[in-house]
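I looked up each item in turn.

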Amino acid sequence: MAPLSSPLSFLLKHRDCLQKANTLCNVVQALHRRRPGAPSWKRDFGAVSHGVSPLLSQQPTAKNYASSVCSSSSDGQDMAERLWSVYNEKKRQTEDLIQVITANAVNPDTIFANNEMSLRDIEIYGFDYDYTLAFYSSHLHTLIFNIARDILIADHRYPEGLRTYEYIPNFAVRGLHYDVQKALLMKIDAFHYIQLGTVYRGLHPVPDEEVIAMYEGCHVPLENMSDFYGKSSHGHNMKQFMDIFSLPEMTLLSCVSDFFMRHNIDYEPVHLYKDVKEAIRDVHVKGILYRTVEADIEKYVCYGEQSHAVLKKLSEHGKKMFLITNSPYDFVNRGMRFMVGKDWRDLFDIVIVQADKPSFFNDRRKPFRRVTDKGVLLWDRIHRLEKGQIYKQFLRLTGWRGSKVLYFGDHIYSDLADLTLKHGWRTGAIIPELRKEIKIMNTEQYVHMMTWSQALTGLIEQMQVLRDPASQAVVEEWIREREAMR
């Protein structure tokens, strides 16, 4: 899958970087004064030009600039040479800009804010457990894959040959869509367009021409997409996988499809999807996963030194804290004792297990049940939530509403969306993949290609108005170069 893409304006967001960019603009402007018709940087700095430099608004328009290039050339050969001269000058200027960007790399550990918020106003902190307080080693996904694969063979009578397939760690990423009817895994953007080159049948990519023929283009109608929580209901062919735990499920679907195709076995994609979904569910519901992790906690759970430090600091500053998770108490207790210590419950005002998110935050009909230290459910009616107790199944009994609550989770829909949209809580998304994406963005190769791609795009926009054959041939070559970089 393609790495995270970011406009040049994002890479130039820091103040000192803007100042350096402004200095570079002055140099470029000086070149314009000395050499009429020199290429413009307006495209590259346009998104950050407000308050940076009045020089940027003085650059020539694409039409005027192209006209100046055209007027200085008498024939097709001279025109092509002139365009390549402009191209080389733009590339030289880009090399200077790359040094500025590289010196202002984005910190992978930065906290990104989509809205202004003062932590002074936050009185209550909430946390999910899995992949928020507890992070798991790569062994966990292998475990889920192997257990679900064996369930397919033992309970659903799938071929024994599937045991030859192992989990492939880097095969899938979160957010992909799966066409239940066609057994295709793919990336679909926010505008419902299939990203060509990302469509897989089994373990192999599907040619772009075949994808376009199957879907009569690249757009997927809204009625075929999954619902708000990424689930595929009646009439919705596309299921979106938003959970980190879903990575083994996507890989297993692809591996089984690959096995059937390799052995020319005719199968029904809908049945395959339902069987794999049920097998993955059984891994959790039957407790196989939980018992295996609890038995070898050090193998599967990463030591939570940072989680412990955050919880301790919040507690020392008198903040209220709660934990809400879909996992059972014994599993959470074993992990928290490993990461935080046996007194971990003293840090939390409320602990809620087996919450059944996302419906937990919206369904007021389910009563709470108290859970003992042994995981036994008690029968007494709950009128209020007490510190130090564990409950199964919050808003009505606590009155914790509005912007004084900040809740952290890893699932955009189950953990965060409803809390923000329906209850007004502040939310924080834990996105472990972002660190890898930012590190890619900071590499010299990515910065070079992204910056030159932006510059080349501006050059194409300026010169595409030239209609003579020689100019069109040069512009078409630039377009091919840009597509190759993308």
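**Entry 1: An open sheet**

I began with the strands and noted an open sheet of five strands in the order S5-S4-S3-S2-S6, with antiparallel pairing. At its edges lie strand S5 (204-205) and strand S6 (238-240), each of which pairs on one side only. I worked on a predicted model, in which local features need pLDDT of at least 70 and side-chain atom pairs count only at pLDDT 80 or more, while totals for chains, interfaces and linings use all residues. Residues are numbered from 1 along each chain as its sequence is written, and side-chain values use heavy atoms, with hydrogens and water left out.

I recorded the terms as well: helices (H or I, at least four residues) and strands (E, at least two) are DSSP runs, numbered from the N terminus. Two strands pair if DSSP finds at least two bridges between them.

Within the sheet I looked at strand S3 (residues 184-186), which pairs with strand S4 (residues 200-201) in the antiparallel sense over two bridges. Which residue in S4 stands opposite Leu 185? I found Tyr 200 there.

**Entry 2: A parallel pair**

Next I examined strand S11 (residues 405-409) and strand S12 (residues 426-429), which pair in the parallel sense over four bridges. Leu 406 has Arg 426 in S12 as its bridge partner. From S11 the chain crosses through helix H15 (residues 412-423) to S12, and this β-α-β crossover is right-handed. The term means that, with the strands pointing away from the viewer, the path from the first strand over the helix to the second runs clockwise.

**Entry 3: Helices that meet H10**

I then turned to helices, for which axes are lines fitted to C-alpha atoms over the stretch in contact, and angles run from 0 to 180 degrees between N-to-C directions. The axes of helix H9 (residues 269-285) and helix H10 (residues 288-295) come within 4 Å and cross at roughly 50°. H9 is therefore oblique to H10; angles under 35 degrees count as roughly parallel, over 145 as roughly antiparallel, 65 to 115 as roughly perpendicular and the rest as oblique. Asp 282, Val 283 and His 284 in H9 meet Ile 288, Leu 289 and Tyr 290 in H10, where contact means heavy atoms within 4.5 Å.

Helix H6 (residues 139-155) also packs with H10, at an angle of about 140° and with the axes 11 Å apart. H6 and H10 are therefore oblique to each other. The contact involves residues of H6 including Leu 140 and Leu 143, and residues of H10 including Thr 292 and Val 293.

**Entry 4: H17 and H18**

Last, I checked helix H17 (residues 444-463) and helix H18 (residues 469-485), whose axes come within 10 Å and cross at roughly 155°. Are they oblique or roughly antiparallel to each other? I noted that H17 and H18 are therefore roughly antiparallel. Among the residues in contact are Trp 452 of H17 and Trp 478 of H18.
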